[in-house]
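Please read it with the structure open.

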Amino acid sequence: MYAIGQKFEGVYPTEAAQWCNDNCAMMVPIDGGFEIQPAPAPTAEQQYTILRAARDLRLAATDKYLLGDYPISEGDLALIKTYRGTLRALPEQPGAPWDGGGEATPWPNAPDILQMERSCA
């Protein structure tokens with residue numbers, strides 16, 4: 001087992017590096033060895049970048065519905081367009097970037113048409 005503050009002389013085991021990746025930690029060179037230290041929290045700019053990337057994935061998942069030959073009802077198309085607009089506006093909402101697109105981000109509810117397609121995949 002590994003822990004924050006643990007030191008290694010010379011090189012460190014690859015398992016320690018994996019532990020760092022899994023536990024938001026990093027190896028820092030010190031006095032000819034390494035020490036496990038907590039990874040710095042992302043800056044607000046980095047959180048905005050992560051939030052926008054997560055948002056862009058959700059937008060991309062709806063692109064096909066906007067194609068002129070995609071079979072979709074007018075009602076569902078209106079829901080998709082509203083959903084996309086809400087996603088696009090998310091980074092400008094009060095409180096953004098929250099946790100950079102994680103659990104604390106108030107993602108809009110996806111229209112039912114997206115839920116139905118996901119359950120069939």
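1. From the N terminus on, the order of elements is β-α-β-β-α-α-α. That makes four helices and three strands in the chain. Both kinds of element are DSSP runs numbered from the N terminus, with helices being H or I of at least four residues and strands being E of at least two.

2. A word on the source. This is a predicted model, in which local features need pLDDT of at least 70 and side-chain atom pairs count only at pLDDT 80 or more, while totals for chains, interfaces and linings use all residues. Residues are numbered from 1 along each chain as its sequence is written, and side-chain values use heavy atoms, with hydrogens and water left out.

3. Now the overall form. Along the principal axes, the C-alpha trace spans about 65 × 35 × 20 Å.

4. How much of the chain counts as buried? The share is 31% of the 121 residues. Buried means under 20% relative accessible area, exposed over 50%, and partly exposed in between (1.4 Å probe, protein chains only).

5. Contacts come next. Take those between residues at least 6 apart in sequence: 48% of them join residues at least 24 apart. Contact here means heavy atoms within 4.5 Å.

6. Look at Arg 55. This residue sits in helix α2 (residues 44-60). Arg 55 counts as buried, at 12% relative accessibility. A polar atom of its side chain lies 3.3 Å from the backbone oxygen of Arg 88. Leaving aside neighbours within four places in sequence, Arg 55 is in contact with Leu 87, Arg 88, Pro 91 and Trp 107.

7. Then turn to Pro 111. It lies in the loop between α3 (74-89) and α4 (112-120). Is Pro 111 buried or exposed? Pro 111 is buried, with a relative accessible area of 9%. Neighbours within four places in sequence aside, Pro 111 is in contact with Leu 79, Ile 80 and Tyr 83. Pro 111 and Ala 78 are 33 residues apart in sequence, and their C-alpha atoms are 9.9 Å apart in space.

Conventions:
A polar contact is a pair of N or O atoms within 3.5 Å; within protein, one must be able to donate a hydrogen and the other to accept it, and residues adjacent in sequence count only if both atoms are side-chain atoms.
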